[in-house]
Amino acid sequence: MKNLKLVINNNSKKKQKFFIKQELKTILNLYAQKVSSGDWKDYSLSVNKKEISFDVYQRASETPFLRISKSLNPRSRDEKFYVLDKSGKIIKRSENLESLITKIKWGNLRLVK
């Protein structure tokens with residue numbers, strides 16, 4: 001009992017390890033629109049030391065064809081959020097998730113076999 005500490009208002013400056021509520025809301029709104037139009041079928045969330053990503057699938061049994069990612073350690077301001085295609089190529093990047101989602105023309109993204 002000697003080592004007990006009382007912590008009040010613990011404002012630790014740890015980096016966020018997940019999407020914040022507003023970011024997740026923005027992504028899920030886009031996802032709902034694309035599901036209702038029949039373009040997207042399923043999603044998953046991936047977390048590792050470098051990034052958090054919202055993976056989008058056209059079918060549940062395949063690899064994701066699109067990833068909306070948040071970098072935990074961005075090299076520059078505009079590398080905080082980015083969208084990757086199936087091969088891992090960055091389509092677009094931005095420091096603001098909402099502007100990133102509005103800049104991309106989602107109708108032009110198609111699965112190429």
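Ring pairs join Tyr31, Trp40, Tyr43, Phe54 and Phe65 into a cluster, and this cluster is a friendly place to begin. Here the rings of Phe, Tyr and Trp (its six-membered ring) count as a pair if their centres lie within 6.5 Å; planes under 30 degrees apart are called stacked, over 60 edge-to-face, and the rest tilted. What you are looking at is a predicted model, in which local features need pLDDT of at least 70 and side-chain atom pairs count only at pLDDT 80 or more, while totals for chains, interfaces and linings use all residues. Residues are numbered from 1 along each chain as its sequence is written, and side-chain values use heavy atoms, with hydrogens and water left out.

By the ring rule, the count comes to 6 aromatic pairs. Take Tyr31 and Trp40: their ring centres are 6.3 Å apart and their planes stand at 35°, so this pair is tilted. Both Tyr31 and Trp40 are buried, a word that means under 20% relative accessible area, with exposed being over 50% and partly exposed in between (1.4 Å probe, protein chains only). Tyr31 also pairs with Tyr43, this time edge-to-face, with 4.9 Å from centre to centre and 70° between the planes. That pair links distant parts of the chain, since Tyr31 is in helix 1 (residues 21–36) and Tyr43 is in strand 1 (residues 42–47), 12 residues apart. Helices (H or I, at least four residues) and strands (E, at least two) are DSSP runs, numbered from the N terminus. Tyr31 has a relative accessible area of 12%, whereas Tyr43 is partly exposed, at 37%.

From the rings we can move on to the core. A nonpolar core is a set of buried Ala, Val, Leu, Ile, Met, Phe, Trp, Tyr and Cys residues joined through side-chain atoms within 4.5 Å. The largest one has 19 residues, and Trp40, Ile68 and Trp106 touch the most other members. Helix 1, strand 2 (51–57), strand 3 (66–71), strand 4 (81–85) and helix 2 (97–103) are the elements that give two or more residues to this core.

Strands of a sheet pair through backbone hydrogen bonds, either parallel or antiparallel. In this model, 5 strands form an open sheet in the order 1-2-3-4-5, with antiparallel pairing; two strands pair if DSSP finds at least two bridges between them. Strand 1 and strand 5 (90–94) are the edge strands, each pairing on one side only.

Walking across the sheet, you meet 6 bridges between strand 1 and strand 2, where Ser46 stands opposite Ser53 in strand 2. Strand 3 and strand 4 are joined by 5 bridges, and Lys70 faces Phe81 in strand 4. Another 4 bridges join strand 4 to strand 5, with Arg93 in strand 5 as the bridge partner of Tyr82. The hairpin of strand 4 and strand 5 has 4 residues between the strands, and in it Gly88 takes a positive phi near 95°. Of the 5 residues of strand 4, 4 are buried, so strand 4 is largely enclosed by the rest of the structure. Over in strand 3 sits Ser69, which is buried at 0% relative accessibility.

Last, look at the charged residues. Side chains of opposite charge can pair when their charged atoms come close. A salt bridge is a side-chain nitrogen of Lys or Arg within 4 Å of a carboxyl oxygen of Asp or Glu, and the structure holds 5 of them. One of them brings together Lys70 and Glu23, at 3.1 Å from N to O. Here Lys70 belongs to strand 3 and Glu23 to helix 1, 47 residues apart, and both Lys70 and Glu23 are buried. Another salt bridge joins Arg67 and Asp55, at 3.5 Å from N to O. Arg67 lies in strand 3 and Asp55 in strand 2, so this pair ties together parts that are 12 residues apart in sequence. Arg67 is partly exposed, at 23%, while Asp55 is buried, at 4%. Glu51 joins Asp55 and Arg67 in a network of salt bridges.
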